[in-house]
2 protein chains.
Amino acid sequence: MNIAQPVLDAGPCQHCGVRKNAICRVLDVHRELPEMGKSVRHRHYAAGHVIMSDQDPVSFLGTVLEGTVKLEKMMGDGRKQILGLLFPSDFLGRAHAKQSPYYAIALEPVKLCYAEAASFHRLLETFPKLETSLFERTLEALDHSREWMMLLGRKTARERVASFLCLLAERQAGPVTEGEPASDGPLVCRIPLTRGDIAEFLGLTMETVSRQIGELKSTGLIVPDSTRQVTIPSLSALREAAEKG
Amino acid sequence: MNIAQPVLDAGPCQHCGVRKNAICRVLDVHRELPEMGKSVRHRHYAAGHVIMSDQDPVSFLGTVLEGTVKLEKMMGDGRKQILGLLFPSDFLGRAHAKQSPYYAIALEPVKLCYAEAASFHRLLETFPKLETSLFERTLEALDHSREWMMLLGRKTARERVASFLCLLAERQAGPVTEGEPASDGPLVCRIPLTRGDIAEFLGLTMETVSRQIGELKSTGLIVPDSTRQVTIPSLSALREAAEKG
DNA sequence: CGTACTTTTGAGGCGGTTCAAAGAGAGTGG
DNA sequence: CCACTCTCTTTGAACCGCCTCAAAAGTACG
């Protein structure tokens with residue numbers, strides 16, 4: 001008769017909801033993930049909380065588990081620009097740097113899985129494929145950033161707002177499964193940003209954002225649920241409006 | 001009596017002019033650099049030549065040895081935006097990708113040190129610190145890209161043009177040596193872009209760029225040498241104009 | 001129900017664009 | 001060496017999209 005083998009504890013990471021999309025997805029569940037699990041902790045931030053400041057040293061890095069984070073840069077005279085948004089499974093923090101070049105601020109209650117900077121860099125050395133994974137994430141971030149340069153440099157206010165809503169909708173729908181021909185049915189899109197924040201992201205003023213959302217509503221490209229939620233009847237039609245007016 | 005040892009050939013890379021600033025600077029001159037030297041070739045491009053297209057697969061990657069390259073993205077209707085400029089020692093090409101997400105075009109005669117995509121990725125695997133070096137470059141590119149988002153989203157035309165001239169001047173002056181308190185004397189600044197290209201980089205029209213350069217001249221912040229070269233009496237004064245009008 | 005914040009709406013102004021044309025270089029061939 | 005051409009640059013004038021300023025309306029929360 002067999003004696004029941006004790007199940008090896010694969011650590012807290014094994015059942016993590018974002019693991020399949022986070023940088024740690026490249027780690028072996030049984031051999032490597034538990035090692036990572038020993039280095040990380042969870043932490044909660046209230047909406048509006050400054051997670052990292054461009055003044056402070058980068059003391060920790062990690063992955064967003066829940067909530068939305070804005071990355072923001074500020075000029076000497078107070079002008080602000082949102083550089084990107086982080087959603088669950090996205091990586092937060094600049095590796096190989098002493099100082100964060102921008103602010104990270106929670107837009108809604110945020111749950112973060114983080115490691116101290118020193119132990120995070122130790123993890124990168126221990127698991128080279130983790131560094132490669134982070135590298136690929138960084139390349140994607142660079143692509144997104146350059147996509148947004150196109151938006152900020154060349155798109156009209158209408159196109160910017162439509163692009164923004166597409167971004168939100170696509171992230172909330174989850175990553176596209178290979179081969180599956182992304183359906184075009186109605187999508188509910190929650191907007192975790194104020195009009196002012198949207199304006200900061202799009203290089204506009206909140207008044208212009210408000211007016212453009214109004215016009216998208218009246219043309220039927222979006223249907224208002226509340227001020228912070230819209231339904232998108234056809235994502236492809238909205239995408240169209242985001243690319244050619 | 002000693003028999004003269006034959007000097008080991010350290011390969012063509014040993015005396016490379018950009019090595020101390022390129023990704024390969026992390027490689028050991030005698031043990032590792034020759035290995036890299038076996039995988040790379042040089043190639044010349046005439047001004048205006050398309051080095052990489054967003055249509056083509058990424059068949060090679062490399063380092064700019066001479067000249068200036070623009071990275072450009074184009075929308076369906078022809079609107080264009082320059083995403084970044086590459087100067088000697090900068091890296092060209094997107095690792096870990098099948099396709100380049102943008103165009104790379106020579107602005108002046110360009111000399112490139114490149115490797116085929118397959119052998120480049122083999123190099124990355126052989127020398128993990130080469131990948132780390134490239135990763136750090138990518139993080140810097142991301143910082144620059146986000147810096148430019150601030151410019152495109154929030155700066156006035158005057159500030160944009162001043163920022164652009166600062167960028168050129170700083171790159172042409174070479175990397176800042178640690179500890180050395182970068183002098184503020186007159187700087188000659190060559191402009192390897194047409195007014196139209198500058199406009200594409202700054203999210204403006206060429207007419208606006210021309211007018212703003214004119215005004216910077218009349219305020220004395222820059223002194224015209226020719227249409228494609230200016231002298232900057234005080235870089236810090238120009239930087240000032242780039243940040244707060 | 002009142003207070004504070006967010007969002008919407010309105011009216012007017014301005015910075016940058018658009019359209020048009022003249023001016024300046026750089027290269028070419030007679 | 002100069003006229004010719006092509007491209008790039010500058011300048012001018014009118015226009016327009018977005019911003020600014022102001023106030024009302026909506027929403028969240030104690």
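Predicted model: local features only at pLDDT ≥ 70, side-chain atom pairs only at ≥ 80, totals over all residues.
1. **How the two chains relate.** Chain A is superposed on chain B by a rotation of 180° with 0.0 Å of shift along the axis, and the RMSD is 0.0 Å. That is the relation of a two-fold axis. The interface fits this picture: 100% of the interface residues of chain A are also interface residues in chain B, so the copies meet through the same surface.

2. **A residue to look at between the chains.** Is Ser145(B) buried or exposed? Its relative accessibility is 3%, so Ser145(B) counts as buried, the cut-off being under 20%. Apart from neighbours within four places in sequence, Ser145(B) is in contact with Leu142(A), Ser145(A), Arg146(A) and Met149(A).

3. **Helix 5 of chain A.** Next, please turn to residues 195-202 of chain A, which form helix 5. This helix is mostly covered, with seven of its eight residues buried. The buried ones are Arg195(A), Asp197(A), Ile198(A), Ala199(A), Glu200(A), Phe201(A) and Leu202(A).

4. **Helix 7 of chain A.** Helix 7 of chain A spans residues 235-244, and its buried residues are Leu235(A), Leu238(A), Ala241(A) and Ala242(A). These cover an arc of only 120° around the axis, which puts them on the same side of helix 7 of chain A. There they pack against helix 4 (157-172), strand 9 (187-190) and strand 11 (229-232) of chain A.

5. How many cavities of 30 Å³ or more does a search of the whole structure find? The search finds one, and the volume of this largest cavity is about 40 Å³. Its lining is made up of Met52(A), Leu71(A), Leu92(A), Gly93(A), Arg94(A), Ser100(A), Tyr102(A), Tyr103(A) and Ala104(A). By type, the lining residues divide into six nonpolar, two polar and one charged.

Note on methods:
Residues numbered from 1 in each chain as written. Chains lettered and ligands numbered in written order. Heavy atoms only, no water. 1 Å grid on protein atoms, 1.4 Å probe; cavity = no way out; pocket = protein on both sides within 12 Å on 5 of 7 lines; lining within 4 Å. Points joined across faces, edges and corners; volume = space filled by probe spheres on them. Nonpolar A, V, L, I, M, F, W, Y, C, P; charged D, E, K, R; others polar. Least-squares fit on C-alpha atoms with pLDDT ≥ 70 in both. Contact = heavy atoms within 4.5 Å. Buried < 20%, exposed > 50% of the residue type's maximum accessible area, 1.4 Å probe, protein only. Helix = DSSP H or I, 4+ residues; strand = E, 2+ residues; numbered from the N terminus. Arc of directions from axis to C-beta.
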